[in-house]
Amino acid sequence: CIMCAIDFENRAKTNMSDEIFDKIIEELKPRVDYIRKVNLYSDNEPLLDLHLAERIKALKDIRIKCICISTNASALTKKRSTELIYAGLDQIYINVDSLVPERYEQIRLRLEFKKVYNNVLNFIRLRDELGKKVTIRMQMILQELNNDEKQTFVPFWEQFLSEGDLIVVHRAHNWGGAIETIEQDQDK
């Protein structure tokens with residue numbers, strides 16, 4: 001996406017090994033009573049991890065209370081959705097930065113609006129059909145390209161979501177001035 005910091009630095013792209021993940025699980029076990037939430041994402045698309053459902057289940061098996069991912073939903077197929085829901089996912093942040101296909105595809109480069117939109121609706125339907133409690137947080141990152149959609153984003157998604165789900169519109173982060181964002185009064 002054009003507003004993400006992942007491309008600002010020339011960091012080596014790596015994957016967490018199963019050994020490191022297992023070590024983290026062992027270190028979390030004696031602390032589960034103090035851990036409120038584990039986010040399985042950071043500067044990445046978690047659905048690219050083919051072991052994501054297994055990782056969620058491993059965390060649930062040690063009694064982690066809340067497990068969350070944040071996704072652009074491009075790989076949120078019915079199969080992946082089913083795996084995540086049954087593994088015990090508690091929260092999913094879904095980022096859809098425009099409801100106008102052309103704008104969306106300008107913001108989320110190399111993604112197809114129609115595919116993502118259908119993935120999101122299918123996830124919501126599946127969650128509801130299965131009667132599972134997965135909190136959905138629909139998010140839009142406000143920026144120049146979608147600034148006029150702020151007022152329509154919330155009512156649009158309200159028609160699909162359930163009580164307890166969230167809809168969030170927040171401003172793009174300027175990453176310490178690395179990118180230009182819409183200036184707001186509080187920025188001064």
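Arg63 is exposed, with a relative accessible area of 55%, where exposed means over 50%, buried under 20% and partly exposed in between (1.4 Å probe, protein chains only). Its place is in the loop between α2 and β2; helices (H or I, at least four residues) and strands (E, at least two) are DSSP runs, numbered from the N terminus. The model is predicted, so local features need pLDDT of at least 70 and side-chain atom pairs count only at pLDDT 80 or more, whereas totals for chains, interfaces and linings use all residues. Residues are numbered from 1 along each chain as its sequence is written, and side-chain values use heavy atoms, with hydrogens and water left out.

**Overall architecture**

- The chain has six helices and five strands, which follow the pattern α-β-α-β-α-β-α-α-β-α-β along the sequence.
- Of the 188 residues of the chain, 40% count as buried.
- The accessible surface of the chain comes to about 11,400 Å², of which 50% belongs to carbon and sulfur atoms; accessible areas come from the Shrake-Rupley method with a 1.4 Å probe, and for residues only the protein chains shown count as cover.
- Among contacts (heavy atoms within 4.5 Å) between residues at least 6 apart in sequence, 71% join residues at least 24 apart.

- Leu52, Ala53, Arg55, Ile56 and Leu59 are the buried residues named in α2. They cover an arc of only 160° around the axis, which puts them on the same side of α2; the arc is that of the directions from the helix axis to the C-beta atoms.
- The buried residues of α2 pack against α1 (18-28), β1, β2 (67-71) and α3 (78-87).
- The exposed residues Glu54 and Asp61 are carried by the face of α2 turned away from its buried side.

**Salt bridges**

- The structure holds 14 salt bridges, each defined as a side-chain nitrogen of Lys or Arg within 4 Å of a carboxyl oxygen of Asp or Glu.
- Asp61 forms one of them with Lys57, the closest N and O atoms being 3.1 Å apart. Being four residues apart in helix α2, Asp61 and Lys57 are separated by about one helical turn. Asp61 counts as exposed at 52% relative accessibility, while Lys57 counts as partly exposed at 43%.
- Salt bridges that share partners also join Asp18, Asp49 and Arg55 into one network.
- Asp33 is bridged to Arg63, with the closest N and O atoms 3.9 Å apart. Asp33 lies in the loop between α1 and β1 and Arg63 in the loop between α2 and β2, so the pair ties together parts that are 30 residues apart in sequence. Asp33 is exposed, with a relative accessible area of 58%.
- Glu26 forms a salt bridge with Lys29, the closest N and O atoms being 2.9 Å apart. Glu26 is partly exposed at 46% relative accessibility, and Lys29 is partly exposed at 39%.

**Backbone and loops**

- Most residues other than glycine have a negative phi.
- Ala73 has a positive phi near 70° and is placed in the loop between β2 and α3. In contrast to the exposed Arg63, Ala73 is buried, with a relative accessible area of 0%.
- Asn44 is found in the loop between β1 (38-39) and α2 (52-61) and counts as partly exposed at 44% relative accessibility. Asn44 and Asn72 are 28 residues apart in sequence, and their C-alpha atoms are 9.9 Å apart in space.

**Cysteines**

- The structure holds zero disulfides, a disulfide being a pair of cysteine sulfur atoms within 2.5 Å.
- The sulfur of Cys66 has its closest cysteine sulfur in Cys68, at 6.2 Å, which is too far for a bond.
- Cys66 counts as buried at 11% relative accessibility, and Cys68 is buried with a relative accessible area of 0%.

**Nonpolar surface**

- Met16, Ile20 and Ile24 make a nonpolar surface patch of about 240 Å². Patches are made of residues with over 30% relative accessible area and no salt bridge, with like charges joined within 9 Å and nonpolar side chains (Val, Leu, Ile, Met, Phe, Trp, Tyr) within 5 Å.
- Ile24 is found in helix α1 and counts as partly exposed at 32% relative accessibility.
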